[in-house]
Amino acid sequence: MPELPEVEVVRRGLERWVSGRAIAEVQVLHPRAVRRHLAGPVDFAARLTGRTLGPAHRRGKYLWLPLDGTGCSLLGHLGMSGQLLVQPPEAPDETHLRVRLRFTDGGRELRFVDQRTFGGLTVHPAEPGDPEATPLAIAHIARDPLDPRFDDEAFHTALRGRRTIVKRALLDQSLISGVGNIYADEALWRARLHYDRPTATLTRPQTVLLLQSVREVMAAALAVGGTSFDSLYVNVNGESGYFSRELDAYGRRDEPCRRCGTPIRRDPWMNRSSYFCPHCQRRPRLR
DNA sequence: ACGTTTTCCTGAGCGC
DNA sequence: TGCGCTCAGGAAAACG
């Protein structure tokens with residue numbers, strides 16, 4: 001399940017293998033993969049063909065590459081199971097291959113593979129004059145915690161003003177981007193906060209600790225290539241990351257808390273799961 | 001307006 | 001062997 005560290009690993013792969021190359025041909029093999037490109041698959045392909053890809057950028061879980069001389073960018077989101085793979089042209093098609101980009105140099109092609117089809121690619125106009133050509137379509141996505149321009153103080157103020165709970169806030173991409181279910185649980189464990197804690201009651205030191213926890217766990221994951229539970233998350237060369245073995249909370253139901261030994265609990269939460277230590281992360285008294 | 005719920009999707013795993 | 005059920009969950013749309 002790609003969250004910020006996994007998407008950053010992919011971004012670095014794109015920067016190395018794809019940036020600077022000119023697109024010769026685009027094949028859309030499943031229309032759902034470009035469903036957010038409202039003008040349709042034919043327009044999508046036409047806007048890419050003949051264009052040279054610029055440097056790879058990322059905000060939260062979104063990735064994009066500027067298209068030379070167009071004022072537009074190729075924007076991608078991996079969703080739950082999306083992969084961007086750099087493959088030799090002769091490599092057999094993957095089962096869930098959705099989009100193929102061939103390049104004018106005849107070298108390795110870029111493939112978007114996505115089993116559950118929650119992810120997708122689009123071509124979107126960018127803010128004129130923006131050196132990074134950030135697509136306007138993601139203007140509502142907040143800066144992520146690894147972005148030097150992320151505003152910690154504004155984040156605290158926003159939390160205090162919301163009538164919601166801390167885990168919902170962590171997953172709200174308009175407040176802080178890049179955090180998904182895995183890193184939310186990991187950061188809350190590190191900060192000793194219960195997922196059901198109302199954000200309006202968070203003190204400034206608690207927000208500071210929470211942000212520090214998010215940054216630490218993401219940096220640690222990035223250092224080992226991200227979190228892979230199965231073959232659904234891999235880098236552009238098809239390799240898994242190793243952070244799953246270092247997880248403290250997520251997926252560790254009934255296993256001992258690495259701080260206090262209390263069995264980790266799994267609560268059903270929002271049609272998904274929350275993993276936490278019932279001793280280190282006490283449930284808030286009133287809701 | 002804002003917070004909450006639903007919806008989209010496929011394959012693995014499991015009980016019977 | 002196979003059927004039906006549950007689970008995994010990002011983010012936008014729909015809902016209240």
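Reader: Which side chain has an N or O atom 3.4 Å from a sugar or linking oxygen of DNA strand B?

Author: Good place to start. This is a predicted model, and in it that side chain belongs to Q115.

Reader: Which residues lie around DNA strand B?

Author: They are R32, H96, Q115, R116, T117, F118, R162, R163, T164 and R168. By class, this surface has five charged, four polar and one nonpolar residue.

Reader: And what share of the DNA strand B atoms within 4 Å of the protein belongs to sugar or phosphate?

Author: The share is 74%, with the rest belonging to bases.

Reader: Let's move to strands. How should I think about their side chains?

Author: In a regular strand the side chains alternate between the two faces of the sheet. For a case here, take β5, residues 82–87.

Reader: How many residues of β5 are buried, and in which sense does β5 pair with β7?

Author: Five of the six residues in β5 are buried, so the strand is mostly covered. Its pairing with β7, residues 109–114, is antiparallel and runs over six bridges. To find one bridge on screen, pick L85, whose partner in β7 is R111.

Reader: How do I read a helix such as α1?

Author: The general idea first: an α-helix has 3.6 residues a turn, so residues three or four places apart point the same way. Now the case: α1 covers residues 4–17, and its 14 residues reach 20 Å from first C-alpha to last, close to the 20 Å expected at 1.5 Å a residue.

Reader: Is α1 mostly covered or mostly open?

Author: Mostly covered, with ten of its 14 residues buried. Among them are L4, V7, V10, R11 and L14. The buried residues of α1 pack against β2, β3, β5, β7, α5 and α6.

Reader: Last one: where is S177, and is S177 buried or exposed?

Author: S177 sits in the loop between α4 and α5. With a relative accessible area of 0%, S177 counts as buried, because the cut-off for that is under 20%. Its side chain reaches the backbone oxygen of A142 at 2.7 Å and the backbone nitrogen of D144 at 3.5 Å.

Reader: Which residues is S177 in contact with, leaving aside neighbours within four places in sequence?

Author: The contacts are L4, R59, G60, I141, A142, R143, D144 and P145. L4 is also one of the buried residues of α1.

Note on methods: Residues are numbered from 1 along each chain as its sequence is written. Chains are lettered from A and ligands numbered from 1 in the order in which they are written. This is a predicted model: local features need pLDDT of at least 70, side-chain atom pairs count only at pLDDT 80 or more; totals for chains, interfaces and linings use all residues. Side-chain values use heavy atoms; hydrogens and water are left out. A residue is near a molecule or strand if one of its heavy atoms lies within 4 Å of it. A polar contact is a pair of N or O atoms within 3.5 Å; within protein, one must be able to donate a hydrogen and the other to accept it, and residues adjacent in sequence count only if both atoms are side-chain atoms. Ala, Val, Leu, Ile, Met, Phe, Trp, Tyr, Cys and Pro count as nonpolar, Asp, Glu, Lys and Arg as charged, and the others, Gly among them, as polar. Buried means under 20% relative accessible area, exposed over 50%, partly exposed in between (1.4 Å probe, protein chains only). Helices (H or I, at least four residues) and strands (E, at least two) are DSSP runs, numbered from the N terminus. Two strands pair if DSSP finds at least two bridges between them. Contact means heavy atoms within 4.5 Å. The expected span of a helix is 1.5 Å times one less than its number of residues.
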